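Have the model open while you read.

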Amino acid sequence: MATINPLEVEFTAIRAQGPGGQNVNKVSCAVHARFDIAASSLPPAVKERLLSLRDARITQEGVLVLKAQGSRSLEQNKEDALRRLQALVDQAAFVPVVRRATRPTRGSQVRRVDAKVRSGKIKALRGRVTD
């Protein structure tokens, strides 16, 4: 599993959007987290999958920019940005198992047909009774 080194993430404090009264215009508690994918210490395969993501938060230069402004605390917003960045890296690090098509066995084919025949016989008995 690939983990993010917090020293590779550059944090910039910015003013948050939305309601907050007079405080919103004075305090910069939102965070822009910038993570350079190419210059990071992640494995090459994970870097490649991250860069191939169709995500608007990844710039042309390969820098992932996350904005965290959910909390009033700068530290909590930094932690939130790191958590979301780690989740994105974990998603890119996951390699799905390739399914190989197999043929059904002869026994399973016979069992399936027998079940269909049995079901058909039961349904045939549900018809009208004629004397």
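How many bridges join β1 to strand β2? Six, with β1 and β2 (residues 30-36) running antiparallel. Keep in mind that this is a predicted model.

## The sheet

Let's start with the overall layout. Three strands make up an open sheet, ordered β1-β2-β3, with antiparallel pairing. β1 (9-14) and β3 sit at the edges with a single partner strand each, so one side of each has no neighbour in the sheet. From one strand to the next, the twist averages 20°. As background, the strands of a sheet pair through backbone hydrogen bonds, and they can do so parallel or antiparallel.

## Who faces whom

β2 and β3 run antiparallel and are joined by six bridges. Here A33 turns up again, standing opposite L66 in β3.

Next, bring α2 into view. α2 lies across β1, β2 and β3, and α2 runs at about 135° to β3.

Where does the chain go between β3 and α2? Through a loop that holds S71, with β3 spanning 63-68 and α2 spanning 74-93. Is S71 buried or exposed? S71 counts as buried, because its relative accessibility is 19% and the cut-off for buried is under 20%.

What does S71 touch, leaving aside neighbours within four places in sequence? The contacts are C29, Q76 and N77. With Q76 there is a side-chain to side-chain polar contact of 2.5 Å. The side chain of S71 also reaches the backbone nitrogen of S73, at 3.1 Å.

For a sense of distance, take Q91, which is 20 residues away from S71 along the chain. The C-alpha atoms of S71 and Q91 are separated by 25 Å.

Key: Residues are numbered from 1 along each chain as its sequence is written. This is a predicted model: local features need pLDDT of at least 70, side-chain atom pairs count only at pLDDT 80 or more; totals for chains, interfaces and linings use all residues. Side-chain values use heavy atoms; hydrogens and water are left out. Helices (H or I, at least four residues) and strands (E, at least two) are DSSP runs, numbered from the N terminus. Buried means under 20% relative accessible area, exposed over 50%, partly exposed in between (1.4 Å probe, protein chains only). Contact means heavy atoms within 4.5 Å. A polar contact is a pair of N or O atoms within 3.5 Å; within protein, one must be able to donate a hydrogen and the other to accept it, and residues adjacent in sequence count only if both atoms are side-chain atoms. Two strands pair if DSSP finds at least two bridges between them. Axes are lines fitted to C-alpha atoms, for helices over the stretch in contact, and angles run from 0 to 180 degrees between N-to-C directions.
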